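Please work through the following exercises on charged side chains with the sequence and the model at hand. Each task is followed by a solution that goes step by step.

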Amino acid sequence: MKVSLSWLKVYVPIEKEVSELAEALTMAGLEVEGISDRYDYLDTVPVGRIVKVRPHPDADKLKLCEVDVGGRVISVVCGAPNAKENMLVPLALPGTVLPDASTVRQSVIRGQNSEGMLCSEAELGLGTDKSGLMILDASLRVGDKLNRALKLSDPVFEVSITPNRSDCLSILGIAREVAAIQKTRVSYPDICLGAGSGADISEVTSVTIESPDHCPRYAARLVENIKIAPSPFWLQERLMSVGLRPINNIVDITNFVMMETGQPLHAFDFEQLAEHRIVVRTAREGEPFTTLDGKERVLTSNMLMICDGKKPVAVGGVMGGLNSEIEDSTTNVLIESAYFDPVSIRKTAKKLGLGTEASHRFERGVDPMGTVRALDRAAQLMVEFGGGKLVKGLIDAHPRPSSEKKIALSVKAANRLLGISLNRNQMEDLLKSVEFTVETSDEDTFTSTVPSFRVDVSRPQDLMEEIARLSGYEHIPTTFPLMPAEAKMPMTELIFRERIKDLMLGFGFTEAITYSFTHHLSCDRLRLPADDPARRVLHVLNPLTEEQSVMRTSLISGLLETMQYNIAHQVRDIKVFEAGKIFLSKGQDKLPDEIEMLAGLQTGERFDASWHSQKADCDFYDMKGVVEAILQSLKIKEARFTLMPDNVCSYTKPGHTARIFAYANADGGKPDPECKNEIFAIELGQVGEVHPEVLRNYDLKQKAFIFELKLKELGSLISEIKQSKAIPKYPNVSRDITIIVNKDIESARLLESVRLMKEPLMEDLSLFAVYEGDRIPAGNKSVSFRITYRSPDETLEDETVNAIHKRISDRLLNTFDAAFPE
């Protein structure tokens with residue numbers, strides 16, 4: 001809201017500097033967003049002296065003036081009859097924006113160059129005289145800016161009013177705040193209305209309220225024999241100072257009173273009202289109505305309408321109608337001042353897309369007891385400046401009278417909640433400064449009567465807020481919560497999850513974050529069997545869409561949808577992962593099991609396109625390598641990949657899927673020495689190629705490889721104890737073993753059998769070759785290992801190494817019915 005200092009001074013003396021006042025208002029809760037001077041546009045209007053005047057060669061009514069503006073002479077084409085040599089006049093230079101929003105430009109008029117515009121009072125917004133040039137005092141200095149030469153300055157505050165402070169949507173409302181800040185009093189305008197003349201208004205017109213819930217109060221006065229004319233200059237100036245455009249004396253008065261008091265008014269041409277009466281009702285569904293802006297609106301049944309005896313004439317609280325507007329021929333004016341239901345007005349304004357100064361105030365709540373005062377103020381001004389006669393009496397239809405609000409406040413409670421230490425008298429004085437009345441109950445309690453214009457105050461906490469802002473938020477002492485200084489360590493699970501994410505990002509994967517809700521057919525799309533635990537879906541009672549109707553039981557469906565989205569956008573090489581929870585239902589009325597999972601997906605080419613590498617699609621071993629790298633980074637050494645049985649593979653391809661196992665700890669999961677049974681205690685997850693049928697279910701045509709890991713089980717394998725050992729002093733010795741075994745025996749079992757021998761000199765064991773083909777018997781395969789030996793105490797002799805190597809070889813031959821190659 002714009003508030004000009006000149007208008008504010010009419011009601012309250014200003015004792016502070018402009019900047020200090022802006023700061024004080026802001027600290028009181030009325031944020032001043034900016035300050036401008038409304039005469040700044042005169043910066044480009046210097047004082048000019050007309051040096052020479054001569055007739056325009058091609059126009060009888062125009063003159064060519066040469067104007068000295070201090071240091072240079074400017075040629076201007078002028079049509080003013082009073083232009084004379086040696087006269088001091090204002091000259092608007094090119095680029096000047098005048099009060100009517102027009103911009104002065106350099107131009108050629110009838111073949112003559114004009115470098116500016118010599119102005120009248122009216123054109124500069126400094127008066128109403130349009131007959132000729134504004135003649136300046138001869139004592140002014142040529143070339144000075146006009147605003148400085150005439151000492152014109154009027155700071156305008158741009159105040160941001162919060163929705164609850166509708167009382168400050170007026171100059172008087174801001175004046176009350178300034179008076180409280182300066183500890184002064186507001187001077188309210190005197191209203192002196194005569195008794196009126198002629199028949200009583202009740203005999204001439206009437207007001208019927210058919211919708212009292214929408215309109216609790218409607219007041220009206222009638223002024224006859226009005227003469228429509230321009231407003232006096234002071235009134236025009238007041239409106240222009242807050243950004244409103246003057247129209248005529250009647251409309252300007254309604255706008256003036258609205259800005260002064262915060263009460264919107266409306267003036268009807270009384271002769272245009274059918275049956276000379278007002279009916280306040282709601283609209284009929286689909287009823288058409290043309291507003292003052294010339295647009296036809298289609299109304300709904302909950303919109304409040306102001307009607308005459310036959311038709312609507314205004315949208316209540318929003319905008320008047322074209323059929324009853326004030327015209328030059330208007331002589332009798334009915335003035336409306338009402339209180340409308342804020343919720344109703346807001347709904348109507350939003351529905352119609354009509355935001356007006358009136359609706360802005362009504363929808364926030366105006367003073368329900370201020371309608372008659374604003375009405376009388378407008379009637380007084382219309383009689384004075386419109387030359388009219390006031391009809392005796394007024395109409396005040398008030399079917400829903402408002403009552404006084406009285407609130408009791410405890411001084412101790414206020415001090416405790418605000419963190420201050422004011423006594424009762426100080427609190428009472430602060431409230432009285434903004435026109436609350438106070439009655440003392442006892443030493444700790446007083447009762448405050450809320451002024452009717454403060455529609456936002458209804459409970460003790462509101463009074464506390466008033467006390468806090470009026471005493472100064474900056475005076476509330478800063479305190480710190482009583483809490484221990486030591487900081488909490490972050491949750492272990494969060495640290496572990498972030499560590500896993502960092503690893504995946506380091507492996508070149510991109511994190512995906514998908515919804516925890518998924519499609520109810522996701523289990524079918526993943527080919528999950530009926531007895532699979534992931535079939536325990538929890539249904540969402542109020543899903544946003546069908547695609548998000550159940551809680552997810554696997555991260556894989558979200559990654560496949562991510563793959564589908566990227567491929568649809570021509571991104572075919574994808575490496576994504578997600579760390580999140582899956583939800584396994586224990587019944588619709590119970591909280592589900594929440595399991596933390598890590599899942600990854602890779603598809604497309606193994607490497608980014610480059611001149612030094614050939615194209616190669618990723619495969620199972622790329623994804624297996626990622627899992628191995630995770631385990632290695634977490635220092636989990638005792639891990640094993642084993643073929644997943646075909647009947648267990650649901651969304652992965654049989655024969656191309658591995659289960660991942662690991663020891664729980666040193667005490668759990670005792671392996672079978674003969675390797676005939678499962679030898680790992682904890683299943684960590686799986687890795688494999690996505691089943692072709694699943695790919696078709698997601699409309700995918702290229703292979704994809706996935707892995708899943710259970711983060712809780714994975715975290716339990718990480719030791720919090722870090723160990724170190726000395727760097728070896730002695731060299732190692734390597735030996736290879738190649739044996740032929742049944743091709744159905746997993747290589748991991750061979751490696752595990754060797755590790756279980758726990759040879760103290762065996763430092764490392766690795767598989768480096770597996771071969772099936774020529775010179776290998778059918779149904780068999782050749783497996784090659786490399787074993788590294790080292791002693792911490794001495795350099796190993798060949799005899800020692802050979803003896804150990806033979807024992808290991810014999811163990812493999814006997815345990816797996818193997819043979820050496822021929």
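**Exercise 1: A lysine and its surroundings**

Lys501 is found in helix α15, which spans residues 492–506, helices being DSSP runs of H or I with at least four residues and strands being runs of E with at least two, numbered from the N terminus. The model is a predicted one, in which local features need pLDDT of at least 70 and side-chain atom pairs count only at pLDDT 80 or more, whereas totals for chains, interfaces and linings use all residues. Residues are numbered from 1 along each chain as its sequence is written, and side-chain values use heavy atoms, with hydrogens and water left out.

Task: Determine whether Lys501 is buried or exposed, and find which residues it touches.

Solution. Begin with accessibility: Lys501 has a relative accessibility of 14% and therefore counts as buried (buried means under 20% relative accessible area, exposed over 50%, and partly exposed in between, with a 1.4 Å probe and protein chains only). Next, leaving aside residues up to four places away in sequence, Lys501 touches Glu511, Phe577 and Ala579, where contact means heavy atoms within 4.5 Å. Finally, the side chains of Lys501 and Glu511 make a polar contact at 3.2 Å (a pair of N or O atoms within 3.5 Å; within protein, one must be able to donate a hydrogen and the other to accept it, and residues adjacent in sequence count only if both atoms are side-chain atoms).

**Exercise 2: Salt bridges across the sequence**

Task: State how many salt bridges a search of the whole structure finds, and describe which parts the pair Arg552 and Glu578 ties together.

Solution. The search of the whole structure finds 45 salt bridges, each a side-chain nitrogen of Lys or Arg within 4 Å of a carboxyl oxygen of Asp or Glu. Among them, the side chains of Arg552 and Glu578 meet at 3.1 Å, N to O. Arg552 lies in the loop between β28 (550–551) and α17 (556–568) and Glu578 in strand β29 (residues 574–584), so the pair ties together parts that are 26 residues apart in sequence. Both Arg552 and Glu578 are buried.
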